[in-house]
Amino acid sequence: TGEALKRCRPRKIAVERDPGDRRLAADYGDYLAGKHALTRNEIEQVGFRLAKELGHKEVYGVDADGDFPYARLADFAKARERSAEFEAIAGGWEKMVKAQNVFLASHTILETLLLVNSDERVAEDMQGYYRLVRFGEPWNWAGADLLADWFRRNARIYSNVLTLAQGPGDRVLVLFGSGHLGWLRCDFAQDPSIRLRKLAEFAN
């Protein structure tokens with residue numbers, strides 16, 4: 001995994017923590033000094049390890065907090081006696097995660113990351129989000145509002161990454177939970193000043 005990510009030659013590594021997160025800076029500094037044992041989180045297992053191997057002095061937080069009114073959506077579905085339909089969508093994500101864990105048990109981490117980052121998986125994930133828009137009605141757009149809030153959070157993350165990138169030729173590796181992937185890909189793909197690169201390009 002590390003070798004594939006090194007091939008993109010990132011100058012900065014952006015992770016799912018808030019900008020200026022002091023804990024992130026302290027933990028990475030302690031890791032460089034040999035005083036911090038890595039947790040199981042991908043920020044440390046992938047981000048810290050790779051940053052150290054590349055000689056980076058910092059790892060950068062680019063997350064943005066935001067609302068995710070999931071309970072409102074569940075309440076809407078229950079009130080309209082559509083809970084089974086709603087739970088089927090949520091269950092689809094749960095099945096996806098379980099299948100991913102089964103896949104990981106017999107494949108490498110890189111193979112699993114390639115699966116999660118594949119165009120097919122990203123499309124499947126995005127379709128799940130958009131199915132939630134069906135749960136709403138005029139003046140109570142529960143599903144659409146959840147989608148809009150999630151889009152806004154990822155647009156803010158995208159803005160934070162742009163702030164981090166300094167000028168033409170800068171290369172930023174973004175490490176985030178897979179639920180963000182489709183949204184962030186969309187954001188970066190629409191920007192003519194950005195060249196979006198995917199993991200599969202560096203895996204061979």
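Colleague: Which residues does Phe 86 touch, not counting those up to four places away in sequence?
Modeller: This is a predicted model, and Phe 86 has its place in helix H5. Leaving aside residues up to four places away in sequence, the residues that Phe 86 touches are Tyr 70, Leu 73, Ala 74, Ala 77, Leu 132 and Phe 135.

Colleague: What distance separates the C-alpha atoms of Phe 86 and Leu 73?
Modeller: Leu 73 is among the residues that Phe 86 touches. Along the chain the two are 13 residues apart, and the separation of their C-alpha atoms is 8.7 Å.

Colleague: Is Phe 86 buried or exposed?
Modeller: The cut-off to apply is that a residue counts as buried when its relative accessible area is under 20%. Phe 86 has a relative accessibility of 7%, and therefore it counts as buried.

Colleague: Where does Gln 166 lie, and is it buried or exposed?
Modeller: Gln 166 lies in the loop between H8 and strand S3, the latter spanning residues 172-175. Exposed means a relative accessible area over 50%. Because its relative accessibility is 61%, Gln 166 counts as exposed.

Colleague: How far apart in space are Gln 166 and Phe 135, C-alpha to C-alpha?
Modeller: Phe 135 is one of the residues touched by Phe 86, while Gln 166 belongs to the loop between H8 and strand S3. In sequence Gln 166 and Phe 135 are 31 residues apart, and in space their C-alpha atoms are apart by 41 Å.

Colleague: Is Lys 12 buried or exposed?
Modeller: Lys 12 is placed in strand S1, which covers residues 12-15. Not counting residues up to four places away in sequence, it touches His 56, Tyr 60, Leu 164, Gln 166, Asp 170, Arg 171, Val 172 and Leu 173. Its relative accessible area is 10%, so Lys 12 is buried.

Colleague: What is the phi of Arg 9, and what is the phi of Glu 81?
Modeller: Arg 9 lies in the loop between helix H1 and S1 and is exposed, with a relative accessible area of 51%. Glu 81 is placed in the loop between helix H4 and helix H5, and it too is exposed, with a relative accessible area of 75%. Neither residue is a glycine, yet phi is positive in each: about 50 degrees for Arg 9 and near 55 degrees for Glu 81.

Colleague: How much space lies in the second largest pocket, and which elements give two or more residues to its lining?
Modeller: The space in the second largest pocket comes to about 220 Å³. Its lining has 15 residues, of which Pro 19, Gly 20, Val 59, Tyr 60 and Gly 61 are the closest to the centre. The elements that contribute two or more residues to this lining are helix H2 (22-32), strand S2 (60-61) and helix H8 (142-164).

Colleague: What pattern does the chain follow along the sequence?
Modeller: The chain has 9 helices and 3 strands. Read along the sequence, these elements follow the pattern α-β-α-α-β-α-α-α-α-α-β-α.

Colleague: How far apart do the centres of the positive and negative side chains lie?
Modeller: The chain has 30 positive and 30 negative side chains. Its C-alpha atoms fill a box of roughly 55 × 40 × 35 Å along the principal axes. The centres of the two charged sets lie apart by 5 Å.

Definitions and conventions. Residues are numbered from 1 along each chain as its sequence is written. This is a predicted model: local features need pLDDT of at least 70, side-chain atom pairs count only at pLDDT 80 or more; totals for chains, interfaces and linings use all residues. Side-chain values use heavy atoms; hydrogens and water are left out. Helices (H or I, at least four residues) and strands (E, at least two) are DSSP runs, numbered from the N terminus. Buried means under 20% relative accessible area, exposed over 50%, partly exposed in between (1.4 Å probe, protein chains only). Contact means heavy atoms within 4.5 Å. Lys and Arg count as positive and Asp and Glu as negative; His and the chain ends are not counted. The place of a charge is taken as NZ of Lys, CZ of Arg, CG of Asp or CD of Glu. On a 1 Å grid over the protein atoms alone, a cavity is a set of points where a 1.4 Å probe fits but cannot get out, and a pocket is an open set with protein on both sides within 12 Å along at least five of seven lines; lining residues have an atom within 4 Å of a point. Grid points are joined across faces, edges and corners, and a volume is the space filled by probe spheres set on the points.
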